[in-house]
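This report covers selected ring pairs, sheet pairing and helix packing. The sequence and structure come before the details.

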Amino acid sequence: MASGRWRRAGSALFRVIVVWVVSALTMLVLAGILPDFQLESGSGDSATRVAMTAGWGAAAFGLLTVLVWPLVVRALLLVPALLLGLLVFFLNGSLLLLALRLIPDGRGESNPETAIVVAAVMSAVASATSTSLAVRDDEAYRRRLSRLADRRRRRRGDAGRTGGPHGTVFLQLDGVGHAVLVRAMAEGLMPTVAEWLASTHRLDAWRTDWSSQTGASQLGILHGSNHDIPAFRWYEKDTGNLMVCNRPASAAVLQRRAIERTGDGGLLTVDGASRGNLFSGGADQLALVLSMAARRGRRNRSRAGYFAYFSDPANAVRTAMSFVAEVCREIGQSSGARARKEEPRVKRGGLYPFIRAFATVVERDVVVSAVIGDMFAGRTAVYADLVAYDEVAHHSGPQSRDAAKVLERLDRSLALMAKVAEHAPRPYRIVLLSDHGQSPGRTFEGAYGLTLKELVREGCGLSVPHKPVRTGSGSEARGAVRVVLHRPMPDGDESLPLPGSDPVVLASGNLGLISFPDVPERMTREQLDRRHPALLPTLAGHPGIGFLLVGSEEHGSVVLGPDGAEVPVAELTDGTGPLAPFGAGAADAVRRTDTFPHVADIMVNSMYDPDTGEVRAFEGQIGSHGGLGGDQSRPFLLSPRDLGAPAPVGVELTGAEQVHTVLRRWLTACEGPQVPLGTQKAGTQKAGTPADGGPASGPPATVPVTDGRAANGEVPDLAG
């Protein structure tokens with residue numbers, strides 16, 4: 001055992017020396033390339049003297065990085081997260097200037113601009129060197145993870161990993177449909193997931209509600225109810241509010257309503273953590289949770305979780321560089337798509353490259369880092385959302401090469417978290433799931449030359465604006481970006497209606513909602529025909545529209561379709577009438593939505609072609625979700641076999657509320673009732689409290705982690 005310790009110590013010393021030597025050589029090379037960066041006196045020095053100066057500079061820079069960087073980042077937690085990411089280069093350059101001043105005889109010299117470049121290159125090279133050494137020695141990497149876990153146990157006073165009770169990590173791959181996952185495994189894009197399926201897990205598909213989008217699905221999964229969520233965005237006549245699922249204020253209201261309806265705090269109320277989600281699930285450990293972003297207090301702001309991400313300067317520089325690389329990659333890919341005249345295609349300019357980079361790089365790494373910290377802390381239940389695929393597939397297409405590359409990178413993140421689970425202080429089961437899929441297809445405007453709003457105004461006999469206002473994207477990443485930048489949500493097409501009779505037309509993927517704000521109750525077909533006799537025939541007869549749902553004085557509610565089809569909601573059946581192309585479960589989904597208090601006056605679902613799988617999105621997306629039709633309604637659930645089947649053989653899991661029931665059953669079945677690890681008591685939240693779905697009064701006494709840190713602040717390499 002003693003010899004093993006000496007061998008490990010020698011190996012660690014060797015790695016430190018190698019990184020130092022490589023950093024010194026990098027400094028020498030940069031001094032030879034960059035005219036404003038010098039390592040010798042004005043009269044010149046010998047090669048040996050210059051090499052010693054580089055060694056001094058590299059050592060001083062490395063030491064300052066280890067000692068000063070975490071303190072600086074913690075002091076800057078009040079800075080918005082993305083701004084902190086941009087300050088990474090400046091902070092690193094400042095540390096290099098300070099390191100040069102510490103070189104004996106003052107031989108190091110650089111101007112501030114060059115210092116930023118030199119520091120970025122040195123950090124990247126040092127990180128790559130350290131990573132390559134770890135990759136070459138997989139056992140060394142495993143020992144590092146084990147060492148972090150041991151330190152955590154010593155702090156807690158635990159004897160070690162006992163084998164039970166199990167913790168559970170729920171990882172949501174946002175927007176990855178069942179068919180996409182199966183195809184990705186078959187094509188070798190996701191070997192980690194394929195290995196799980198072949199050895200320890202089972203794969204099931206489940207069916208979403210009519211509103212196939214993250215707001216409805218995740219609220220149902222985490223809080224057990226998505227009642228009265230008709231779409232991603234909708235207008236509420238009784239309050240005059242426009243509800244949008246990726247707005248913090250709306251998300252907070254929806255979470256409160258769900259808790260009031262169920263009388264339960266959520267899936268994660270017992271020693272839980274919520275990472276990168278729209279809703280908290282009742283967890284007291286939060287990072288990038290939209291429903292809590294508007295709350296005051298340091299623990300609940302959007303920057304929670306960023307300290308672990310930025311505290312390692314090598315990670316910070318590497319991620320900042322990856323961010324820039326992803327922006328350039330998106331610009332190159334979109335330019336290539338335009339040059340090849342690919343169809344369908346949507347505009348991908350403006351801020352979109354930066355939003356994509358945030359979703360695929362920054363948010364992914366923050367969430368993965370937080371989950372790693374949660375497992376080292378031994379939390380009972382963790383639910384995390386990775387939104388990268390959903391964001392890219394919206395604009396590049398769900399079956400595009402761009403989206404496939406994202407799946408490859410997500411698989412590497414899953415492999416890292418699985419490896420960490422092996423060294424956590426308690427055994428963990430990993431459940432992989434998605435909230436919805438995506439269906440491809442040209443946009444409604446691209447296919448027919450007008451927007452849904454323009455079509456509605458024509459049907460109402462109203463003037464059509466020559467320059468329609470662009471509908472905001474329904475992606476979760478955009479809401480998260482605005483939260484971390486502390487930016488208000490845009491108005492545009494989502495602004496509140498002006499007094500008058502003009503309809504409010506909203507888009508949620510291929511689901512449209514039309515409301516008349518001057519009529520306080522839900523309008524019926526008869527009222528609509530008297531007021532705008534051409535509107536319903538115009539909509540129902542359009543080739544881009546599959547069916548309409550409207551109220552009826554005679555039948556309660558009816559579904560209208562092409563060629564004058566009209567079916568009372570009570571008589572709807574799958575496979576017949578206007579719902580014939582939409583498959584099993586469509587009739588029940590429509591009936592359920594029809595009972596919602598805030599269902600729109602007219603619910604519009606686009607056409608769906610079963611042969612091509614295409615729909616027509618009412619917003620600027622060539623991969624969309626939000627309504628019925630195709631893969632968007634078929635997400636997946638990949639679960640350990642020892643947890644038991646999610647549903648009996650031959651029975652399909654239907655709706656997010658049923659998924660919540662299954663996940664709660666699995667949590668209870670993880671070798672006894674849900675209990676925090678060890679003696680962890682403070683911060684444990686009881687089901688049903690607090691009423692607003694907020695966090696408990698304080699973090700667990702033995703777990704000083706709201707930022708997802710692993711033990712002693714170290715975070716394994718998240719590169720890739």
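Which residues do ring pairs link into a cluster? The cluster consists of Trp 210, Phe 547, Phe 582 and Tyr 608. The model is predicted: local features need pLDDT of at least 70, side-chain atom pairs count only at pLDDT 80 or more, and totals for chains, interfaces and linings use all residues. Residue numbers start from 1 along each chain as its sequence is written, and side-chain values use heavy atoms, with hydrogens and water left out.

**Aromatic pairs**

Seven aromatic pairs occur in the structure. Rings of Phe, Tyr and Trp (its six-membered ring) pair if their centres lie within 6.5 Å; planes under 30 degrees apart count as stacked, over 60 as edge-to-face and the rest as tilted. Two of the pairs are tabulated here.

| Pair | Centre distance | Plane angle | Class |
|---|---|---|---|
| Phe 444 and Tyr 448 | 5.1 Å | 55° | tilted |
| Phe 547 and Phe 582 | 5.2 Å | 85° | edge-to-face |

Phe 547 lies in strand 14 and Phe 582 in the loop between strand 16 and helix 20, so their pair ties together parts 35 residues apart in sequence. Helices (H or I, at least four residues) and strands (E, at least two) are DSSP runs, numbered from the N terminus. Phe 547 and Phe 582 are both buried (under 20% relative accessible area; exposed is over 50%, partly exposed in between, with a 1.4 Å probe and protein chains only).

Phe 444 and Tyr 448 are four residues apart in helix 15 (residues 444–448), so about one helical turn separates them. Phe 444 is buried at 0% relative accessibility, whereas Tyr 448 is partly exposed at 28%.

**The sheet and its helices**

Six strands form an open sheet in the order 12-13-17-14-15-16, with antiparallel pairing; two strands pair if DSSP finds at least two bridges between them. Strand 12 (504–508) and strand 16 (566–568) are the edge strands, each pairing on one side only. From one strand to the next the twist averages 20°. Helix 16 (residues 452–459) packs on the sheet and touches strand 12, strand 13 (511–515) and strand 14 (545–552); contact means heavy atoms within 4.5 Å. The direction of helix 16 makes about 150° with that of strand 12. Axes are lines fitted to C-alpha atoms, for helices over the stretch in contact, and angles run from 0 to 180 degrees between N-to-C directions. Helix 20 (residues 586–594) also packs on the sheet, touching strand 14, strand 15 and strand 17 (602–606), and its direction makes about 40° with that of strand 14.
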